[in-house]
Amino acid sequence: MKKWDGGVYLIDGRVLIKKGEEAACPQLARLTGEERERARENTISYGILAAHNHSGDMDRLQLRFDALVGQDMTYMGVLETAIASGVREFPVPFVLSSCHNALCMNDGTSNEDDHVFAMGAARRYGGIFLPTHQAVMHQFMREQYAGGGRMILGADSHTRYGALGTMATGEGGGELAKQLLGKTYDIPRPETVLVYLTGAPVPGVGPQDVALALIGEVFGEGFVKNRILEFCGPGVASLSVDFRNGVDVMTTESSAMFSIWETDGAVRDWLACHGREEAYQRLAPGSVAYYDRLLELDLSAIRPMIALPFHPSNAYTIEELNANLEEILFRTEEACNAQMAEFGLRVDLRSKIVKGRLRVDQGVIAGCAGGLFESIAGAADILWGKTIGNQGFSLNIYPASQPILYELVEHKIASAILESGANLRSAFCGPCFGAGDVPQNGGFSIRHTTRNFSNREGSRPGKGQMATAALMDALSIAATAANGGLLTPATEYQGGYTGYTYTFNPKMYRDRVLDCFGKADPAAEIVKGPGIGDIPQLPPLRENLLLRCTAFITDPVTTTDELIPNGESSSYRSNFAKIAEYTLSAKVPEYVGRCKTVRGWQQQITDGGDPFADEEALAGVAALLQRHGVALDRQNTCVGSLLYANRPGDGSAREYAASNQKVLGGWANICRQYATKRYRSNLINWGVLPFTCQEELTFGVGSFLWVPGIRSALLAGESDILAYVVTEEALNPIRLSLDQLTQKERTIIAEGCLINYYKQGN
């Protein structure tokens, strides 16, 4: 793989000319400087963005999407926010997918209560309700809504349909609520990275192998962060559409914002198979297209990969790992144990080495990445006539949709899987986020899913339970299963692969999906079960802000799974107050209690009290401010909690990572940089100030920061904010940044949250 960040021209879709070498290309040499600059407009992505932009300025995009999708760990937040903001009818198709179907182990009937609520909302506002076990959300969107030149926004981070010609991205619920209210998605136009593919994968290499190789190359340095990946080149034609989809969905883990692929006859045939040939559009760059960065990827050089805990970018070839087991596993243990130190836990991967081979405990092939027909069919070919045995290894396979499961049965692929001792289950996202197939304590799972963050496989470090997961392709998982759980690359499989013809059966959707788009019924009843809570009242920002630091996290990256762990918390996804109780529970268990204390101070102010006189800690800081020359305006000051992390928000689009902070009284984040745009968007939509700071920090847990005049500065468009760390000796200045906030976003924060903003008639 080769990288170039200096700009590149793509000529006729097949010739690469780096910026600065234009004279070597006659086609470029005769263009004027202005014509070369316009070559930016000849990318596939530029054309799609232009068709969906409503700002009139391609540098400051205001996008409206063709369809929306959410799953049942996120769509409840979208619905509650949109309803509270005054939605009347959904203006675009909004698919409410019940594919996460969280176990709700702590809250009785709430799981199905949420689905009943969503069905009522679909009827009243014109949505599309996808029942449980019919499909994982992204496969349903591929099969039913993706198409050439379209854009889709999802309340799930793995919203990616670029291989079918659709630019899609995952965001927090607030951004979907905006679309449902007829508003726009406002972003600066992202840079575009050309991913130029050559060659063809060797037998035994699958889509996850290509994806992990790419992620491992680009994630750490942020080479594609918040950019668009545009896949072109002769190597595209060597990949089936299933293969392309399997690579594409994993581009989320590279930290790219969008992805898009050139399309061809294979895409047209795939859409025609699904009864939607009219959705096909031939997409290709113009004769001279300019890209900001370049990745060259020779598919024939890719080998079976494994991403070790705790990130998809911690990637090695399986051959390299097998040749250096002790060394690589030791390094991995050291990195993992640094994250687990606060729990007193240690990851022990080297104990899995048996006679020089790594023995794993479990395999899972599932979801929008692994549950595709070709991936499962290829795994079945490897498993044919083999057995996974009875020595503790298990293999669970989840097709991504009922139509895929139907075809597995029709072709007798299901028989081969079941006869091997593997389990074949229905469409469910649980194994991807830790709500299914949890290994034993100390267990090691290999998974063709999307993530392998800490506790992503369902263990509970806070309860002394620790398992680990690695990401691999379905083919190598099957090869490992056929070899008794000893880690084995699929390139060692000597058999062939059956070329099945896939036929899509629409009957399962036709009879089960409730499609009310364009047929909204304002009289339809929405049934609100007892576990569904109202969104708490949130105060607007006052002129001054006093912050108390309630968490100070120094890890290089803090994931959304750490900010709001999965599992038990998902039981309360439709109750903002209850789910907030789980904030940082697997990282900073004291956080919630600290925040509640600060929230109590703010509530006293809201109720007309004076906590600066009545509460010892606040009285002390008020006295210090007065000693340092600050005349504290008690009635024009908010008190809130502050979370610091170096790089927070990697991973999921779940807005609870931000809403929980606000519900607990949070008013600000400070970080070096935000890991994802979607987490920062969630903070903004929930009225949390998204500060960044590059200075040496002089505060920690328990410290107070005084931010005078913040409301006026925010609304005036100021980006450089002067705050002060309050100490006995002095007010120590600290410069914070609020860069790249639109005026609308500034007003949302000032009003306290997106719902308040819309209640003001905006």
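Predicted model: local features only at pLDDT ≥ 70, side-chain atom pairs only at ≥ 80, totals over all residues.
View 1. Residues are numbered from 1 along each chain as its sequence is written, and side-chain values use heavy atoms, with hydrogens and water left out. The axes of helix α25, which covers residues 656-663, and helix α26, which covers residues 677-685, come within 8 Å and cross at roughly 30° (axes are lines fitted to C-alpha atoms over the stretch in contact, and angles run from 0 to 180 degrees between N-to-C directions; helices are DSSP runs of H or I with at least four residues, and strands are runs of E with at least two). With that angle, α25 counts as roughly parallel to α26 (under 35 degrees). On the α25 side, Ala 657, Ala 658 and Gln 661 make the contact, and on the α26 side Tyr 679, Asn 682 and Leu 683 do so (heavy atoms within 4.5 Å). Sorted by class, this contact of α25 with α26 has 4 nonpolar, 2 polar and no charged residues (nonpolar: Ala, Val, Leu, Ile, Met, Phe, Trp, Tyr, Cys and Pro; charged: Asp, Glu, Lys and Arg; polar: the others, Gly among them).

**View 2. A salt bridge joins the side chains of Lys 677 and Glu 171** (a side-chain nitrogen of Lys or Arg within 4 Å of a carboxyl oxygen of Asp or Glu). The N to O distance in this pair is 2.6 Å. Because Lys 677 lies in helix α26, whereas Glu 171 lies in the loop between β9 (166-170) and α7 (173-180), the pair ties together parts that are 506 residues apart in sequence. Lys 677 counts as buried at 18% relative accessibility (under 20% relative accessible area is buried, over 50% is exposed and in between is partly exposed, with a 1.4 Å probe and protein chains only), and Glu 171 is also buried, with a relative accessible area of 1%.

**View 3. Strand β1 and helix α8 are tied together by the pair Lys 3 and Glu 217**. The side chains of Lys 3 and Glu 217 meet in a salt bridge with an N to O distance of 3.5 Å. Since Lys 3 belongs to strand β1 (residues 2-4) and Glu 217 to helix α8 (residues 207-218), the parts joined here are 214 residues apart in sequence. Lys 3 is partly exposed at 30% relative accessibility, and Glu 217 is partly exposed as well, with a relative accessible area of 30%. Salt bridges that share partners join Lys 3, Glu 217 and Glu 221 into one network.

**View 4. Within helix α2, Arg 38 and Glu 34 are separated by about one helical turn**. The two residues are 4 residues apart in this helix, which covers residues 33-38, and their side chains meet in a salt bridge at 3.2 Å, N to O. Arg 38 is partly exposed, with a relative accessible area of 38%, whereas Glu 34 is exposed, with a relative accessible area of 57%.

View 5. A cis peptide bond, with omega of about 0°, joins Pro 309 and Phe 310, and Phe 310 lies in the loop between β16 (305-307) and β17 (315-317). Lys 355, although it is not a glycine, has a positive phi of about 50°; Lys 355 sits in the loop between β18 (353-354) and β19 (357-358) and is exposed, with a relative accessible area of 84%. Leu 584, another residue other than glycine, has a positive phi near 55°; its place is the loop between α21 (576-579) and α22 (591-606), where Leu 584 is buried, with a relative accessible area of 0%.

**View 6. Thr 449 is a buried loop residue**. Thr 449 is found in the loop between β23 (444-448) and β24 (468-471), and its relative accessible area is 0%. Leaving aside neighbours within four places in sequence, Thr 449 is in contact with residues including Gln 208, Met 250, Val 364, Pro 431 and Leu 471.

**View 7. Thr 184 is buried in the loop between α7 and β10**. Strand β10 covers residues 185-188, and Thr 184 has a relative accessible area of 7%. Thr 184 and His 52 are 132 residues apart in sequence, and their C-alpha atoms are 9.9 Å apart in space. Neighbours within four places in sequence aside, the contacts of Thr 184 are Gln 62, Leu 63, Arg 64, Lys 178, Gln 179 and Lys 744.

Methods:
Parallel < 35°, antiparallel > 145°, perpendicular 65-115°, else oblique.
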